[in-house]
Amino acid sequence: MGLLRARARTSPEAPSQADDRSRDFPALGPDDVYLDAACQSLRPDAVRRAMRAYDTEYPACGGRAAYAWATRVEREVDEVRRRALDRFGLSPRRFSCAFTLNTTYALNLLQQQLPVGRYARVVTTHTEHNAVFLSTITAARRLGVPRLVIERSPDGRLDLSGVDLTDAVVVISAMDNVTGTPTQGLSDLVAAAHARGGIVLVDAAQAAPHDTAALRGLGADALCFSAHKMSGPALGVALVAHDLLQSLDISFLGGGQVATVRGDAPELLPDLHTRLEPGLQAWGEIIGFGAALDWLGAQGAALPERERTLGARLYDGLSQVPHLRMFSPAASTVVSAIPERVDAHRLAVFLSHAGVAARSGHFCAHHWLSEREGLPPLIRFSVGPHSSEHDIDRALEIVGRMLRGL
């Protein structure tokens, strides 16, 4: 069985580069088209090798022992932290890299430990992923402050008219999870919030893999994203300013954070990343993420440009398919549409039978798509480092054939 369906044959028109792709992504057969990288990107073989090496050569805990395996883990994990900060142009003198379960967990962990009485309001937008939309509800409730939900236009511009950013906690995505639209004016928002004593937490889950350049030098207080959207294992990453980490009212405590405990007064370690890392960490996944960063770095600047080109090819092609209404306003690495005359979930099943993996539903943006827009389930296609022109053309041919027959 293949990744998407039974592999009964090999398409004669599959390109010769399929053999090259199979070396990095052996799960993909020549007829498999995986277009759900916005949920989870495929891991190249280098990542799996790094994780296997940890499991078979030095499967120990970092930061807890002095024997060789443990010190090797600690060295490698520290190096991954350094490379993650470097990728986004952040100085280790001002920022720390912490690892969590996923982006949602990181955003919640930060907001649920903000000091009560310090902030006056929480600000977000109507178009956010549930990771942001729901976490800001509970954060505002815990802090005892109002929650302001603002508009974002289809081209990603924020409506800040009448919004007081004084002592605000602004939580916002850098790239939309449904349409792939970048948030416009994000650096200006960060500067304005900081000038008024506020902070900005950025959901970078979609931007981190596809638009790293837009995040470099942003100056946000935290960038939260997922390694599993960046060719890595299932893992959350939080790049957080030291000032914010030092201000947290730490209420989620455990081993890995404390230097010593005397009665009811634990003394925390000076390493600020530990503020978000209670208990045993996913050492193998962190090391695997380091391999993903190396692999992405080896692809160079050509990779994001190639992904944008493929996204444009996909968008243009889908725009010509009958009975498919585009929801994304412009081309991106993430493209969503509304199927007509067929339920999106049924369409996704039909596509899977034909070897195309696409996402259907409301993509964790229920408030926006279901409540405000009243939309049925959508179909979403998203490209990643594994994607090729052949993938796009094959997906367009199959989608077009299915919908033209309705």
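## Cavities

The structure contains three cavities of 30 Å³ or more. On a 1 Å grid over the protein atoms alone, a cavity is a set of points where a 1.4 Å probe fits but cannot get out, and lining residues have an atom within 4 Å of a point. Grid points are joined across faces, edges and corners, and a volume is the space filled by probe spheres set on the points. The model is predicted: local features need pLDDT of at least 70, side-chain atom pairs count only at pLDDT 80 or more, and totals for chains, interfaces and linings use all residues. Residues are numbered from 1 along each chain as its sequence is written, and side-chain values use heavy atoms, with hydrogens and water left out.

The largest cavity holds about 60 Å³ of space. Its lining includes Thr-127, Glu-128, His-129, Asp-176 and Asp-203. By class, this lining has two nonpolar, five polar and three charged residues (Ala, Val, Leu, Ile, Met, Phe, Trp, Tyr, Cys and Pro count as nonpolar, Asp, Glu, Lys and Arg as charged, and the others, Gly among them, as polar).

The second largest cavity has about 40 Å³ of space. Among its lining residues are Pro-209, His-210, Leu-296, Leu-303 and Glu-307. The elements giving two or more residues to this lining are α7 and α11; helices (H or I, at least four residues) and strands (E, at least two) are DSSP runs, numbered from the N terminus. The lining divides into five nonpolar, two polar and two charged residues.

## Largest pocket

A pocket is an open set of points with protein on both sides within 12 Å along at least five of seven lines. The largest pocket has a volume of about 410 Å³. Of its 19 lining residues, Arg-87, Thr-212, Leu-296, Gly-297 and Gly-300 lie nearest its centre.

At least two lining residues come from each of α3 (68–87), α7 (207–210), α8 (212–215), α10 (283–299) and α11 (302–319). The lining comprises seven nonpolar, four polar and eight charged residues.

Strands β9 (residues 258–262) and β10 (residues 265–268) run antiparallel and are joined by four bridges; two strands pair if DSSP finds at least two bridges between them. Arg-262 stands opposite Ala-265 in β10. The two strands form a hairpin with two residues between them, and Gly-263 in the turn has a positive phi of about 65°.
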